[in-house]
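Here are my notes for you, point by point. Keep the viewer open and click along as you read.

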Amino acid sequence: MAGSWGAQHLAEVEDQHGTGSGSAAIRQLVETGIKAANDAQQAARIASKGTDQKEYPFVTDAGKCPRQVWFSLKNVEQTEPLTTDSYVNFGVGHAVEDWLAATLEARGAEIVREYSIKHLHKGVIVSGRVDFIVTLPEMNSLIELKTTSSRAMGFMLRNKEAGKADHRKQLNLYLHFSQLSLIEGRMYDTAYLVYVAKDATRREPTIHAFEVKYDRDAAMADLDNLAEIA
C-alpha cells in the first residue's frame, strides 16, 4: 500500500515525522570524528606518498563512467561530496569485514586481508586491493566483500544479476593479476563476490555469494579502457 512503512523510504518518514531529540547532537559528534579521522588519513597518505592526490586509476574504476574516472584522476573536487551517512555506511562495511575475517579464522582459514597490487599496463599504473585471500583445505580463493541493503539485494536477485557488473569487473581484474603472479605468487581461476545485506530482518537471508570465473579477454578490455582514460 502506498505510504506504508514497507514502501516508504526512511528519509521520507523522517521528513514527515521528525527524528529523535538527540539526533542533531550525536550527528555533530560523528561528523567531527569523521573529519578528525579523515585528516589523520590524509596526513598519513602525504607522509608515505608525498601527496594526497590520486595519481593513477584504481581497479574499482572499472565499469564506472569514463568521465567520472577522468575527473577523479584530475583530482577535481566532487560536486556531491560524501555525506555523514555515507561515511557511517563505510564504517559499517569495515566492521562487517572484521567480523567475517574473525569468523573465517575461527573456522581454520588462513586469511590475507587488503592485499595491495600495482600493475603497469600500456604505460599506466592500475592499483587495486583484494579484500580477502582465503586458504582452507577445501577452498583456496579470493573473496571480495560488499555490504548492501536488503532492497538492493532483492533488486539484483529479481533481475537475475549475479552481483553488480562493476563489482564483477573488479574481481575479474584481481583474478587476472593472480594469473600474472601478482597476488601471493598464486593463480586463481575462480573468486567469490560476497554481499552481506546489513539491514536484513529476521528470517531474511543475509549472505549472498556469486562465483566469478576468470575471463582474460574481459580483463584486458577493462585494463585497456582504464589506460585510455588515464
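1. Let's start with Ile26, which sits in helix H2. Helices here are DSSP runs of H or I with at least four residues, strands are runs of E with at least two, and both are numbered from the N terminus. Before you go on: this is a predicted model, where local features need pLDDT of at least 70, side-chain atom pairs count only at pLDDT 80 or more, and totals for chains, interfaces and linings use all residues. Residues are numbered from 1 along each chain as its sequence is written, and side-chain values use heavy atoms, leaving out hydrogens and water.

2. Helix H2 (23-49) and helix H4 (84-106) each supply at least two of its residues, with H2 giving the most, three.

3. Now for the rings: a search of the whole structure turns up two aromatic pairs. One is Tyr87 with Phe90, edge-to-face at 6.4 Å centre to centre and 75° between the planes. (Rings of Phe, Tyr and Trp, its six-membered ring, pair if their centres lie within 6.5 Å; planes under 30 degrees apart are stacked, over 60 edge-to-face, the rest tilted.) Tyr87 and Phe90 are three residues apart in helix H4, so about one helical turn separates them.

4. Tyr195 and Phe210 have ring centres 6.2 Å apart and planes at 75°, so this pair is edge-to-face. It links distant parts of the chain, with Tyr195 in strand S4 and Phe210 in strand S5 (residues 207-213), 15 residues apart. Buried or exposed? Tyr195 counts as buried at 1% relative accessibility, and Phe210 counts as buried at 14%. (Buried is under 20% relative accessible area, exposed over 50%, partly exposed in between, with a 1.4 Å probe and protein chains only.)

5. Most residues other than glycine have a negative phi. Lys122 has a positive phi of about 50°; this residue lies in the loop between strand S1 (110-121) and strand S2 (124-136).
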